[in-house]
Amino acid sequence: MTRKYKNIVFLTGAGISAESGLSTFRSEDGLWNKHRVEDVATIEAFYRNPDYVHEFYNEMRPEFLAAQPNPAHKAITTLQQKYPAKISVVTQNVDTLHEKAGNQNVYHIHGQINQIVCLNCGHVFETWGEVSSEDVCEQCGAHAMLKPNIVFFGEGLLCMDEVDRLLQTCDLFISVGTSGVVYPAAGFVQIAKMFGADTYEFNMEKTSNNRLFDEHIYGPAGTTLPEFVKKMLEEE
Ligand code: BV8
């Protein structure tokens, strides 16, 4: 790696939080093997049975609140503090481990588990507690209109205007811990590549997007990403 980068974009998935003890989605013991996606993570499921979906996220919140960032999250903070470039984190994760690690410029394109949105007025508020369809919106008072501020299948992504701009101006695109099966996030590497970025994939194994990356670094991100950042800073 000899190029001096000016605009770096990380795309992270559940794999970067695996070493913090949070389940991924599509591994053998993943979240989606315990629940049918269509029962908990689609907008139709939410309208069909809001309390079943609320319960799914109510149960997840305490674990997410207790989880601590691992060396992979912290390596991004180190790079942001020491490498002279604009470094952004586009995450599919709904946990707050990037923030807990001190990462800046974090964009949660699939939302956040500690945020609730009112479908009546659009007000977003934070809570780590339980939510049900009985609750009313603190802003407009609407009843039974609160939804986890999480992007379900069939819903548009958040922060996409900013993310599009980042992808079109980045010269280094680093994917960490995502299986590359959920769109449009899985297509971000193609946009970055089209605009001239070098592309790196950090994973435990080959992913469906494998051929779109210039470099592949296999192994647990808690080990491989700190090593990569150390090397980048040595060459700086
Ligand atoms: C949209 C919310 C339009 C819940 C999530 C047919 C073809 C193509 C696309 C589609 C299609 N039919 C429908 C679609 C679109 C659909 C989609 O992509 N479906 C796929 C499944 C076929 N996408 C959507 O619906 C999106 N919306 O398109 O809207 C639109 C536009 C405008 C207006 C209206 C509508 C919405 C997508 C978001 C869905 N919500 N989650 C929740 O998070 O609780 S997706 C869910 O998957 C999570 O958000 C998660 O972040 C995301 C991706 O999963 P990963 O993070 O990659 O996790 P996974 O377990 O899969 O992989 C972990 C990886 O880590 C593995 O590779 C593993 O090897 C690696 N790993 C593990 N440990 C480590 C590690 N790596 C390194 N170190 C380790 N230690």
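The shell around the ligand is made up of 16 nonpolar, 12 polar and 4 charged residues (Ala, Val, Leu, Ile, Met, Phe, Trp, Tyr, Cys and Pro count as nonpolar, Asp, Glu, Lys and Arg as charged, and the others, Gly among them, as polar). The model is predicted: local features need pLDDT of at least 70, side-chain atom pairs count only at pLDDT 80 or more, and totals for chains, interfaces and linings use all residues. Residues are numbered from 1 along each chain as its sequence is written, and side-chain values use heavy atoms, with hydrogens and water left out.

In total, 32 residues surround the ligand, each with a heavy atom within 4 Å of it; the closest are F25, R26, S179, Y183 and N203. Because domain 1 (1-20 + 69-110 + 156-236) and domain 2 (22-66 + 112-150) both contribute residues to this shell, the ligand lies between them; the domain bounds come from an automatic or database assignment.

A backbone N or O atom of V151 lies 2.8 Å from a nitrogen atom of the ligand, and one of Q92 lies 3.2 Å from an oxygen atom of the ligand. Of the 1500 Å² of accessible area that the ligand has on its own, the protein covers 72% (Shrake-Rupley method, 1.4 Å probe).

A192 is found in helix α8, residues 188-194 (a DSSP run of H or I, at least four residues, numbered from the N terminus). With 0% relative accessibility, A192 counts as buried (under 20% relative accessible area, 1.4 Å probe, protein chains only). Apart from neighbours within four places in sequence, A192 is in contact with L167, C170, F173 and A197 (heavy atoms within 4.5 Å).

Technical notes. Polar contact = N/O pair within 3.5 Å; in protein donor to acceptor, adjacent residues only side chain to side chain. Helix = DSSP H or I, 4+ residues; strand = E, 2+ residues; numbered from the N terminus. Buried < 20%, exposed > 50% of the residue type's maximum accessible area, 1.4 Å probe, protein only.
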